[in-house]
Amino acid sequence: MLGASPVNLSLSPSPALAACIVAAHAAAAACLWPLLPGYPGTALAALVLALGIVVAWDRALLSAAASVRGLDLGAGDAAVLYLRDGQRVAVAVGKGRFVSRLCVTLPFRAPGRRSLVVTPGMLEPESFRMLRLWALWGRVPEQAAVASRQLPS
C-alpha cells in the first residue's frame, strides 16, 4: 500500500457458510451417534450439533458480540478488526493463510483471536478481490495505478 490509507472492508452475514458449518457438524454428529449406543451417544451427538449452531451464529451469521463485522487492511501483516460490540482490535495476520476463489482464511497472532474465514458472499466482488491480494502479497493495488478501461491501440 506504500503510504496509502488502509482499505476498509465491511463484512455481511453468510447464510451459505452457516449452512455448510451446520451440515458439517450434523454429519459429525451422525457419525458419533451409532458409535456410542444409548444416551451417551445421543448426548454427544446433540452437543456436536449444538456446537455447529453456535459456531455458525458467531462466524458465519456474525451475530455474536465478538463477531468480526469489518476490518481495515494495513501494510504488511497489520489489520484492525471491528467487532459487533463496537470494539476495535489491532492484530497481525500470521502464517498459514489460505487464499482461493472460494474463501480466504486469515489466522491472527493475538490473544483470544483464532482465525477469520471470509467467503465471497460476505463482501462485494471488488472488496473480496482486494482481500485476496492483500492476503497473498501484504498490500493492495493503488486506486490511481489501476486503469479503468483498456487504452486504444
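Let us start with a term: a residue is called buried when its relative accessible area is under 20%, exposed when it is over 50%, and partly exposed in between, using a 1.4 Å probe and protein chains only. Helices (H or I, at least four residues) and strands (E, at least two) are DSSP runs, numbered from the N terminus. The model you are looking at is predicted, with local features needing pLDDT of at least 70 and side-chain atom pairs counting only at pLDDT 80 or more, while totals for chains, interfaces and linings use all residues. Residues are numbered from 1 along each chain as its sequence is written, and side-chain values use heavy atoms, leaving out hydrogens and water.

Now step back to the whole chain. It holds three helices and seven strands, arranged along the sequence as β-α-α-β-β-β-β-β-β-α. Of its 153 residues, 33% are buried. Contact here means heavy atoms within 4.5 Å; among contacts between residues at least 6 apart in sequence, 50% join residues at least 24 apart.

Next, follow the strand pairing, where two strands count as paired if DSSP finds at least two bridges between them. β1 and β2 are antiparallel, with four bridges, and S10 stands opposite G70 of β2. β2 in turn runs antiparallel to β3, joined by five bridges, and here G70 faces Y82. Four residues lie between the strands of this hairpin, and G76 takes a positive phi near 70 degrees. β3 also pairs with β4 (residues 88-92), again antiparallel and over five bridges, and A79 is placed opposite V91. In the hairpin of β3 and β4, too, four residues separate the strands, with G86 at a positive phi near 100 degrees.

Further along, an open sheet of three strands is ordered β5-β6-β7 with antiparallel pairing. β5 (98-99) and β7 are at the edges with a single partner strand each, so one side of each has no neighbour in the sheet. Four bridges link β6 and β7, and L106 has L116 in β7 as its bridge partner. Helix α3 lies across β5, β6 and β7, at about 45 degrees to β6; axes are lines fitted to C-alpha atoms, for helices over the stretch in contact, and angles run from 0 to 180 degrees between N-to-C directions.

What holds the interior picture together is the nonpolar core, a set of buried Ala, Val, Leu, Ile, Met, Phe, Trp, Tyr and Cys residues joined through side-chain atoms within 4.5 Å. The largest such core has 30 residues, and L11, L71, L73, L106, V118, L131 and W134 touch the most other members. Elements giving two or more residues to this core include β1 (7-10), α1 (15-35), β2 (68-73) and α3 (125-137). The largest share, five residues, comes from α3. Beyond its neighbours within four places in sequence, L71 is in contact with residues including V7, L9, L81, L116 and L131.
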